[in-house]
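The questions below ask what lies behind the labels given to a structure. Each answer sets a value against its definition.

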Amino acid sequence: MTENKLTIDGLVSGYGALDILQGVVLALKRGEILALMGRNGMGKTTLLKTLMGLIRTRGGTIALDGRPVAGKPPSWLLANGVGYAPQELPLFQDLSIRDNLRLALRHDRDLPRALEHVSCSFPFLLDRLDQKTGTLSGGEQKMLILSRAMMCEPDLLLIDEISEGVQPSVVQRIAAALRAEQERRGVSILLVEQNLAFALDVADRWAVMKLGRIVDGGACEAASRQTVLNHLSI
Amino acid sequence: MTDQAQSTPAPQQLLTRHGTGLIALGVLGLVLVLLGPLFLDRFTLNVLTRSMIYAMMAITVDLLWGYAGILTFGQSAFFGAGAYATALILTHVGGGAQNFALALVLSLVLPMGLAALVGWLSFYHKSTPLYASVISLVVPIVLTQAIFAGGSFTGSSSGLVGYPTMKLGAANYFRLAGVALILFAALSWVIVRSDAGRLLVAIRDNPLRAAYLGIRTQRVQILLMTALGGVAGIAGFLYANAGRIVAPEIAGFGFGTQMIVWTALGGRGTILGPAMGAIGIDYLGAQLSGAMPYLWQLIIGILFVVMILFMPRGLAGFIPRRRGGAPVPQLGALPDHMQQRDSAPLLSVSGMRKSYGDFVVLDGIDLEVRPGELVSVVGPNGAGKTTFLRCLSDGTETIEGRVLLSGQDIAGRPPEAVVALGVGRKFQVASVFETMTVAECLRLARVTQERPSLWRRAARITLPRAVLDILSLTGLDGKLSEPVSGLSHGMRQSLELAMVVAMQPRLILLDEPTAGLTKAERTLIGEVLIRLTRDLGYAAVLIEHDLDFVRQISKRIVVLHQGRLVMDGPVDAVVNSDLVRSIYSGVAHD
C-alpha cells in the first residue's frame, strides 16, 4: 500500500473540443485534508467530476491507494469508499430529507447508523426528516448534501464549495465536523473552496489551480493566506 | 426609464458565410422545383407535391418542438381544419374564383383561431410543456371525431372527394408547393436566427428566467402556435386542392405523430433537416409501400430507433457544423442612467405574512426602501430570506399584507408584470440560459428595453457601463461567444448578475450575488453595486452572509430571523448586536 490515498498524474479532461484540465499533478496523503483553490473557471469542479468518473479522462492517470481507477464509473467509486458532495443541485427536491438520505445507502438497514452519523454534525435535519427537501433554504441544503456524503463513511471525500451561502457559525460547524471525521476515521478530503479562511483553517495543505494545472501549493500556515490571495487576485 | 444609445446605429449582419451557402441551396431548390416538371413523371410529380406540403408541416413541428420546446402531436388538427374548410366550401358552395378566395381565407383563419384557443389552453396559466403535449393529443382526436360525426356534410369516414379544385395541373401544383415550401423554410430560417427568434429558445431553456427578464412567455408561445396554425391551414388548403381528396386521417393524431418522426429523423432544431426528413420518408414510402406494404412500416420503425440511438442529430447531422461558432458581437456602453430620486419609498412592504399550510415562513414584515438605498438582508439559513425576495417579485404568490412598488400594488401580477414596474431579480442558484452563448444572454436581458429584430441579429450589444465593469472584472468579456453550459459556477453567478443589472431595474433584488466568487471579485462587484446605488440612484435589496462584504457596501442592514424582521438599522449597530453575533460567530469569509 502506498502512503498516498489519491495520486493524480498528468490528468487531462474536458468538454467538447476544450481541454479544461491540462495535466493536473496532485497527491493526497491518507488522512489528509487538502484545500484546492483558484479563480473561477480554472477547472476545480471539472477535476472533482473527472475524479468521480462523471467526465471521461483524456490522458494521465488517477490512482486510489495505488490502484489505477481512471475510467471506473461513479457507482464503482462510491462502492469503493469515495464520497462526493457536488456543488450544484445534487438533491432530489421533491423527495423528503429521509428519502434523500436513504437513496445514498445500499440497504435500508444502514439507515439508523447513518442517521446517528448525521445527528453528530447537523442534528436539525433529524427533526425535519419528513420535510420536502425543496422547502429547505439554500444553506440548509448544503448541510444536507454534506451529511449525505459523510454518513456513508467514505475513505476519500470530494467536496465542492460547501460553504457557499452558509452562515458563518454553520461554516465553523462544518469545519469542526470535517476535522472530527479526519481524527476519528482518518478520512482524506479534497476540498474545493472559495472561502479562504475556512479552507486554510480546516486543511493541512493547500494547492492553487490555474488554467487546468496546479501552479502552487504548500502546508497551511500563517503565511499561506497571503500567498493564496496573490494567486487569486485579478 | 429607457436609455437611448448615443452611438451610431451598429453595423448589422444578416448573412454569415454559412448563410451564403444556404441561400445558394435555396436558389438551387427554386430552380429544381421550377424545372422539375420537365423531367419528372406524373406519379413522381404528384408524390413530391404531397411530400413538399408535408415538409412545410414538418417545419412547423420543428419550430414548435425543436426551437420552442413544445412537443406537439396536434399540428395535424390545424392541417386538417384548413384542408376540410377548403373541401367543405368547394363541395357545398361550389368552385369559382371567389369561392377559392373564401376557402383560402377560411383555411387560414379557422386553424389560427383553433390554434390560438389551443395555445391559450396550453399556456395561459403556469402550465408545463407536458400539459401542452397532452392537449395537443386531444385536439386531433376531437376534430377527427367531429368529422366522423358529420355524416354526408363532412363525408364521415370516407372523406370528401370530387369537389372542384383550382385547375392548375400537376406540374404547376408541384411548382406552387415547391415555392411555398422554399419561401416558408427561408422565412423560418431567418426568423430563428434573429434576435427575436432566440426568444423561443430562451423560453424553452428557462421560462422562469425569461419571465424575470420581463418577457411575456405565454404570449410568445400562444402567438407562435397561432401563426404556425395558420401555416398548417394554408398547407391544408394546398393539399385539398392538389390532392383532390380529404380524409379524416389527415386531421388525426397518427398523422401528427408521423410529423414528429420526420422531424426527429431529419434533425430537430434545424430547418433543413425536418424538411428533408419529410420529403425523403414520404417519397420513399410512396415508392416502396406498393412493393412491400407491411415491411415498409417496419423499416421506418427500425430506422427511427437506429437514428435515435446513433444519430441523435438526425439527417442534419451529416451536414458539417460551422467551425469557430458565431461571430463575437461587439460591446458598446450606454451612457450612465440616473434613476429618479424622489423621497417617496420605491418599495413599501406592510404586514407581509407568508405561510405554507401551518408552516409560517414570514410574519409581520414591514419594510421601506428608497431610491439610492442599498439594504442588506442577513439572517441564519432558513430564516425566510429567499422566500421574502420571491414575494417581492412575484405578485401571484399568496401572501397577506401589501407590497407596493412606486405606489402600485403588485398583488396578482406575474413576474413579468412586476419586472415591468422596474424590478430585477437575481436568483440564489444562477438562473441563465444553458444552450445560449454569453452574448445572447446579455442581449436577451435588454429585450424589454430594445425591441429585438425579427430579421437580424445585432452585431453590437449596448449595455450599461456597470454591466461592462462586471463582465471585464470577472473575465466574462473574453467569453462572449462561449456557451453558458461550459461556464463555471462562479461565472454563471456573474453572468446572471450582469443580466439583471443590464435590465436597468429601479429596484435590484440580489440573492447572494457573490456566492462562488473569490474575495477579489467580491470587492470589485461590491464597488459596482455602490456606484449603482449611491451615484446613480438605483435601489437594491441584497441577501448576503458575508458580513465584511455587507459592511463594505451597505449603510443599512435588516435582520430576518425565524420569519420576522427583528432588526433594521445602520450597519454598526446591527453588526455589533448580540443576535447577529450569535448567528455569525464563526469564520468570516476571506
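Helices (H or I, at least four residues) and strands (E, at least two) are DSSP runs, numbered from the N terminus. This is a predicted model, in which local features need pLDDT of at least 70 and side-chain atom pairs count only at pLDDT 80 or more, while totals for chains, interfaces and linings use all residues. Residues are numbered from 1 along each chain as its sequence is written, and chains are lettered from A and ligands numbered from 1 in the order in which they are written.

Q: Where is Glu161(A) found, and what is its phi?
A: Glu161(A) sits in the loop between strand S7 (156-160) and helix H7 (168-185) of chain A. Its phi is positive, about 45°, although Glu161(A) is not a glycine.

Q: Why does Glu161(A) count as buried?
A: A residue is buried if 20 or more other C-beta atoms lie within 10 Å of its own, exposed if 12 or fewer, and partly exposed in between, with C-beta atoms placed from the backbone. Glu161(A) has 25 C-beta neighbours inside 10 Å and therefore counts as buried.

Q: Why does Gln562(B) count as partly exposed?
A: Gln562(B) has 14 C-beta neighbours inside 10 Å, so the residue counts as partly exposed. Gln562(B) lies in the loop between strand S15 (556-561) and strand S16 (564-570) of chain B. Its phi is near 50°, a positive value in a residue other than glycine.

Q: What makes Val228(A) a buried residue, and which residues does it touch?
A: Val228(A), in helix H9 (residues 224-232) of chain A, counts as buried because it has 26 C-beta neighbours inside 10 Å. Two residues are in contact if their C-beta atoms, placed from the backbone, lie within 7 Å. Not counting residues up to four places away in sequence, Val228(A) touches Met37(A), Leu196(A), Trp206(A) and Val208(A). Its C-alpha atom is separated by 30 Å from that of Val69(A), 159 residues apart along the chain.

Q: What makes helix H1 of chain A mostly covered?
A: Eight of the eight residues of helix H1 (residues 44-51) are buried; among them are Lys44(A), Thr45(A) and Leu51(A). Gly53(A), with a positive phi near 80°, follows H1(A).

Q: How do you know that helix H14 of chain B is mostly covered?
A: Eight of the nine residues of helix H14 (residues 385-393) of chain B are buried, including Lys385(B), Phe388(B) and Cys391(B).

Q: Which residues touch the most other members of the largest nonpolar core?
A: A nonpolar core is a set of buried Ala, Val, Leu, Ile, Met, Phe, Trp, Tyr and Cys residues joined through C-beta atoms within 7 Å. The largest such core has 182 residues, and Ala275(B), Cys441(B) and Ala498(B) touch the most other members. Its largest share, 15 residues, comes from helix H2 (residues 42-67) of chain B. Apart from this core lies another, of 64 residues, among them Leu21(A), Met37(A), Leu64(A) and Val170(A).

Q: Why are H17(B) and H19(B) called roughly antiparallel?
A: The axes of helix H17 (residues 465-474) of chain B and H19(B) come within 10 Å and cross at roughly 175°. Axes are lines fitted to C-alpha atoms, for helices over the stretch in contact, and angles run from 0 to 180 degrees between N-to-C directions. Angles under 35 degrees count as roughly parallel, over 145 as roughly antiparallel, 65 to 115 as roughly perpendicular and the rest as oblique. H17(B) and H19(B) are therefore roughly antiparallel to each other.

Q: Which residues of these two helices make the contact, and how are they classed?
A: Ala466(B), Asp469(B), Ile470(B), Leu473(B) and Thr474(B) of H17(B) meet Glu521(B), Leu524(B), Ile525(B), Val528(B), Arg531(B) and Leu532(B) of H19(B). Ala, Val, Leu, Ile, Met, Phe, Trp, Tyr, Cys and Pro count as nonpolar, Asp, Glu, Lys and Arg as charged, and the others, Gly among them, as polar. By class, this contact has seven nonpolar, one polar and three charged residues.

Q: Where is confidence lowest in chain A, and where is it highest?
A: By pLDDT, the predictor's confidence in each residue, from 0 to 100, the mean of chain A is 89, and 98% of its residues reach 70 or more. Confidence is lowest in helix H4 (residues 111-121) of chain A, at a mean of 86, and highest in strand S8 (residues 188-192) of chain A, at 95.
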